Amino acid sequence: MSHDESRTSGKEEPRQPQRIERYSYRSFDRQYILADNRLGDFLRPTLWEAHSNSQVYLSSLLTKPLGTRPALTACAQLPDLDYFSGRRAKDVIPFFRDAAGKEPNILPGILESLAKSYRRKVSAEDFLAYVYGILAHPAFTERYADELTSRELRVPITTDASFFIQARDVGAKLLWLHTYGERFVSKDRPRGQLPKGKARSTKPVSGSKDQYPADYRYDEETKTLTVGDGAFSPVDPDVYNFEVSGLKVVQSWLGYRMKKPKGKKSSPLDEILPEKWTGDFTTELLELLWILEATIELYPIQAKLLSEVAKKRTLRL
């Protein structure tokens, strides 16, 4: 039957349900969308075509001056246009060019040059982890603050194989943490099993419809984060104030989940909100706090590595 015949046959075509997909809304903030072009402004078909369970997305500010804190963040799900820091960066770099994960998004010859210099094989995953270990922390943006105001983001590549391996190992752990345990999985980094940190739910957030959290507040002295009538503690000030180029990660995450969520309203769909705070919200908030705790613990190691790399001669590729 032709397309025209089906339109005039009087039979209604079965409607396909829209796919509900997890996606990366802001740095460290995963939400859900209806993956339908009729609902999304622009779903970026090239990214969807290259998406898979092995894909990793890096995001930064490549066309605007970077702010403080990490120069890169990463995610496993397709990222929003404003993913990095809510500033319409549009700077998303997929690790693979294809859904099969066979074509790394790396210039030809780089891996071969590194292998020759280090006298050992260097995989695409090794290179990605090294880049993340070197760039995804505050010491990088602090050290190169002047250069980053007028020049594009550049990666210092060490000539020392031992420093490369150390930065790679730290970067691999961070990529595992920042993708919520979905990428860079290993024996020591099990899939989906994030390490529990110090923060705990010390008082449950009410799950009733009439007590959905309308606000949150933080007490630095007691290290207590209050969400509605619930509480989380201990939450260190560095965790609560964790920032990505101006985006306060924990505060942004909570702001989008209040009774009257922050953000622009562009469609009646924006008025469809959760009726109650669920255990899933509590679990996801705790995971976020734990990831940030573990990330901050790695910062001194990354700062020391960057300092050592910067002291020595770097490769020109």
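**Strand pairing in the predicted model**

Strand β3 (residues 57-59) runs antiparallel to β4, and three bridges join the two. Strands here are DSSP runs of E with at least two residues, numbered from the N terminus, and two strands count as paired if DSSP finds at least two bridges between them. Within this pair, Leu 58 stands opposite Ala 74 of β4. The structure is a predicted model, in which local features need pLDDT of at least 70, side-chain atom pairs count only at pLDDT 80 or more, and totals for chains, interfaces and linings use all residues. Residues are numbered from 1 along each chain as its sequence is written, and side-chain values use heavy atoms, with hydrogens and water left out.

The β3-β4 pair belongs to an open sheet of three strands, ordered β4-β3-β5, with antiparallel pairing. Because β4 (73-75) and β5 (92-94) stand at the edges with a single partner strand each, one side of each is left without a neighbour in the sheet. From one strand to the next, the twist averages 25°, with axes taken as lines fitted to C-alpha atoms and angles running from 0 to 180 degrees between N-to-C directions.

Turning to β9, strand β6 (residues 200-203) is joined to β9 by three bridges and runs antiparallel to it; here Ser 201 has Phe 232 as its bridge partner. Strand β8 (residues 224-227) is likewise antiparallel to β9, again through three bridges, and Thr 226 stands opposite Ala 231. A hairpin is formed by β8 and β9, with two residues between them, and Gly 228 in the turn has a positive phi of about 60°. Along β9 (residues 230-233), Gly 230 and Phe 232 point one way, while Ala 231 and Ser 233 point the other way, and all are buried (under 20% relative accessible area, with a 1.4 Å probe and protein chains only; exposed is over 50% and partly exposed lies in between).

Notes. Helix = DSSP H or I, 4+ residues; strand = E, 2+ residues; numbered from the N terminus.
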